[in-house]
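Subject: Structure for your review

Dear colleague,

Please find below the structure that I am handing over to you.

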Amino acid sequence: NKGARGSTYYCTAHGGGTRCAADGCNKGAVGATDYCIVHGGGKRCGVDGCNKVAVGSTVFCRPHAQDAGLLPRSFHGVSQEEMEFLDDVEAAFGPLDDRVRFDGT
């Protein structure tokens, strides 16, 4: 149920859209950048010295958005520590698949 990207008939997972410009990377470029999240693409946290990915419509990463009261400290029973771990996983490997569920199913 994912939409096609760019001038292709495919979603990003199946080769549609713009690819990351980093050598050897075949992930989708994010936002108005030429790079995937792992290689610096996408929107970044607006706090000086923080290079994490900004979440949602905020200009903050998850921990800074929580500090600002823009996001809850837990989500569907997932603790802040677990959420920070997932942020680290996303920073290292890109966005989690839509099929990943927090309730273990």
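A helix here is a DSSP run of H or I with at least four residues, and helices are numbered from the N terminus. In that sense, helix H2 is followed by glycine 94, whose phi is positive, near 95°. Please bear in mind throughout that this is a predicted model.

The chain as a whole

The protein chain contains 2 helices and 0 strands. Of its 105 residues, 23% count as buried. The accessible surface of the protein chain comes to about 7300 Å², and carbon and sulfur atoms account for 52% of that surface. Among contacts between residues at least 6 apart in sequence, 13% join residues at least 24 apart.

Helix H2

Helix H2 covers residues 80-93. H2 has 14 residues and reaches 20 Å from its first C-alpha to its last, which is close to the 20 Å expected at 1.5 Å a residue.

Which residues of H2 are buried? They are Met83, Leu86 and Asp87. These residues lie on the same side of H2, because they cover an arc of only 105° around the axis. What covers the buried residues of H2 includes H1. On the other side of H2, Glu81, Phe85 and Phe93 are exposed.

Phenylalanine 93 has a relative accessible area of 61%, so it counts as exposed, the cut-off being over 50%. Leaving aside neighbours within four places in sequence, phenylalanine 93 is in contact with Lys27 and Val38. Phenylalanine 93 and valine 38 are 55 residues apart in sequence, yet their C-alpha atoms are 6.3 Å apart in space.

Alanine 92 also lies in helix H2. At 39% relative accessibility, alanine 92 counts as partly exposed. With neighbours within four places in sequence set aside, alanine 92 is in contact with Lys27 and Val38. From alanine 92 to isoleucine 37 the separation is 55 residues in sequence and 8.3 Å in space, C-alpha to C-alpha.

Threonine 58

Threonine 58 is placed in the segment before helix H1, which spans residues 62-67. Is threonine 58 buried or exposed? Threonine 58 is buried, because its relative accessible area is 14% and the cut-off for buried is under 20%. A polar atom of the threonine 58 side chain lies 2.7 Å from the backbone oxygen of valine 55. Not counting residues up to four places away in sequence, threonine 58 touches Lys43, Ala65 and Leu70.

The cysteines

How many disulfides does a search of the whole structure find? The search finds 0 disulfides. Cysteine 20 is in no disulfide, and the nearest cysteine sulfur, that of cysteine 36, is 3.7 Å away. Cysteine 20 counts as buried, at 7% relative accessibility.

Cysteine 61 is buried, with a relative accessible area of 1%.

Yours sincerely,
A colleague

Note on methods. Residues are numbered from 1 along each chain as its sequence is written. This is a predicted model: local features need pLDDT of at least 70, side-chain atom pairs count only at pLDDT 80 or more; totals for chains, interfaces and linings use all residues. Side-chain values use heavy atoms; hydrogens and water are left out. Buried means under 20% relative accessible area, exposed over 50%, partly exposed in between (1.4 Å probe, protein chains only). Contact means heavy atoms within 4.5 Å. Accessible areas come from the Shrake-Rupley method with a 1.4 Å probe; for residues, only the protein chains shown count as cover. A polar contact is a pair of N or O atoms within 3.5 Å; within protein, one must be able to donate a hydrogen and the other to accept it, and residues adjacent in sequence count only if both atoms are side-chain atoms. A disulfide is a pair of cysteine sulfur atoms within 2.5 Å. The expected span of a helix is 1.5 Å times one less than its number of residues. The arc is that of the directions from the helix axis to the C-beta atoms.
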